[in-house]
Amino acid sequence: MKGFILLLLLSQDALAVKHYLKYFLSGSSGLQNFPEFMAFSTVDDIQGGYCDSKGRRPEPRHDWTRKLTEDYPEHFEYYAQECIRYQPIYRAHIVMLKQQLNKTGGVHIFQRIHGCEWDEETGEVNAFNQFGYNGEDFIALDSKTMTWVAAKPQAVITKHKWNRDIIYIEAKRLYNAQICPERLKKYVEYLKSFLQKVVLPSVSLLQKSPSSPVSCHATGFYPDRAMMFWTKDGEEHHEGVDHGEILANHDGTFQMTVELNISGVTLEDWRRYDCVFHLSGVEDNIVTRLDKVVIRTNWVAPSGFAAGLVIGPVVGLLLLALFTAGIFIWKRNNNGFTSANSSDPSFSETSVKDTALN
């Protein structure tokens with residue numbers, strides 16, 4: 001068992017050589033109680049800062065970004081001005097799209113994702129800059145050839161127009177090759193203090209009803225190099241066990257759950273089962289004995305007595321948390337923006353490149 005854990009941790013460390021700086025920007029119309037403009041950045045998928053048209057000023061979201069803004073206040077002011085500058089630009093594009101598509105109602109979303117990745121081992125740098133509309137790819141910059149590529153027929157005219165803008169392309173070439181990687185390397189240095197810390201979780205036993213599986217839930221741990229499993233009489237137990245994935249919390253920590261089906265376990269045998277949590281870098285495991293007294297549940301007994309504590313919601317990455325109100329906006333993956341619920345745009349010659357700022 002120890003050998004398997006060591007192999008898993010070594011394989012994860014071997015893969016952790018690439019770093020990513022990503023900026024997400026979105027303008028919207030028709031969404032109630034939702035900012036018209038929002039933007040946030042992530043470094044290695046850990047959120048750094050956030051701003052929107054309601055809060056106006058950007059907010060550092062973690063200790064490493066707070067330390068960065070203390071050491072470089074001008075850096076924070078730069079992002080503050082950028083946040084203000086982007087808002088009318090995205091608002092204007094939403095208005096333009098409505099007029100162009102002759103649609104005065106409904107939900108309209110205009111997005112951009114850009115940034116760079118840096119391979120710490122090889123030194124290789126790659127950049128990306130992509131626009132989407134209503135959840136679908138629209139146009140992207142090929143960082144190898146420094147030419148714009150249309151993802152839809154409606155973007156062809158815009159592609160030709162942008163490819164003629166030599167000044168902007170050269171500015172992006174400089175940004176991709178120098179400015180973005182330099183920022184990323186600086187941010188990674190500040191992030192190291194956060195990445196190197198070890199935080200133990202709180203572990204709870206949860207159960208929906210007396211006949212439901214018992215979930216061993218650990219939350220608030222860091223890093224994500226962790227394992228959790230059930231044991232019986234001190235030996236790892238697999239029968240009736242369901243392992244959940246490690247999920248990210250909004251504060252950069254992680255959570256995970258492993259369930260044990262107790263339908264065939266007598267009450268006298270409960271004491272033979274333990275939930276074991278192992279975190280990389282920590283010698284002692286957290287062991288929680290299967291005990292009905294400590295189980296937390298939202299089950300209401302026939303007498304009307306509510307037993308235990310209601311289980312709270314699972315908190316994910318900010319990007320997912322912002323867009324789960326039944327309104328499909330967008331999600332970026334290796335294939336671009338995923339399909340949206342709204343109709344395709346039909347862009348005219350009007351360019352959207354005004355938003356393509358560094």
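The side chain of Thr 297 reaches the backbone oxygen of Gln 207 at a distance of 2.4 Å. The model discussed here is a predicted one. The points below begin with this threonine, continue with the disulfides, and end with the protein as a whole.

**Thr 297 and its surroundings**

- Thr 297 belongs to strand β18, which covers residues 296-297.
- A polar atom of the Thr 297 side chain also lies 3.4 Å from the backbone oxygen of Lys 208.
- Thr 297 and Leu 206 are separated by 91 residues in sequence, yet their C-alpha atoms are 5.7 Å apart in space.
- Thr 297 counts as buried because its relative accessibility is 9%, and buried means under 20%.

**The disulfides**

- A disulfide is a covalent bond between the sulfur atoms of two cysteines.

**Cys 51 and Cys 83**

- The sulfur atoms of Cys 51 and Cys 83 are 2.2 Å apart and form a disulfide.
- This pair links distant parts of the chain, 32 residues apart: Cys 51 is in strand β3 (residues 46-52) and Cys 83 is in helix α3 (residues 73-101).
- The torsion about the S-S bond of Cys 51 and Cys 83 is about 110°, so this disulfide is right-handed.
- Both Cys 51 and Cys 83 are buried.

**Cys 116 and Cys 180**

- Cys 116 is joined to Cys 180 by a disulfide with an S to S distance of 2.2 Å.
- Because Cys 116 lies in strand β5 (residues 108-119) and Cys 180 in helix α5 (residues 166-195), the pair ties together parts that are 64 residues apart in sequence.
- With a torsion of about -95° about its S-S bond, the disulfide of Cys 116 and Cys 180 is left-handed.
- Cys 116 and Cys 180 are both buried.

**Cys 216 and Cys 275**

- A disulfide with an S to S distance of 2.0 Å joins Cys 216 to Cys 275.
- Cys 216 is in strand β10 (residues 214-221) and Cys 275 in strand β16 (residues 273-279), so the pair ties together parts 59 residues apart in sequence.
- The S-S torsion of Cys 216 and Cys 275 is about -90°, and the disulfide is therefore left-handed.
- Cys 216 and Cys 275 are buried.

**The protein as a whole**

- The secondary structure comprises 6 helices and 20 strands.
- Of the 358 residues in the protein, 44% are buried.
- The protein exposes about 18800 Å², of which carbon and sulfur atoms supply 54%.

Notes. Residues are numbered from 1 along each chain as its sequence is written. This is a predicted model: local features need pLDDT of at least 70, side-chain atom pairs count only at pLDDT 80 or more; totals for chains, interfaces and linings use all residues. Side-chain values use heavy atoms; hydrogens and water are left out. Helices (H or I, at least four residues) and strands (E, at least two) are DSSP runs, numbered from the N terminus. Buried means under 20% relative accessible area, exposed over 50%, partly exposed in between (1.4 Å probe, protein chains only). Accessible areas come from the Shrake-Rupley method with a 1.4 Å probe; for residues, only the protein chains shown count as cover. A polar contact is a pair of N or O atoms within 3.5 Å; within protein, one must be able to donate a hydrogen and the other to accept it, and residues adjacent in sequence count only if both atoms are side-chain atoms. A disulfide is a pair of cysteine sulfur atoms within 2.5 Å.
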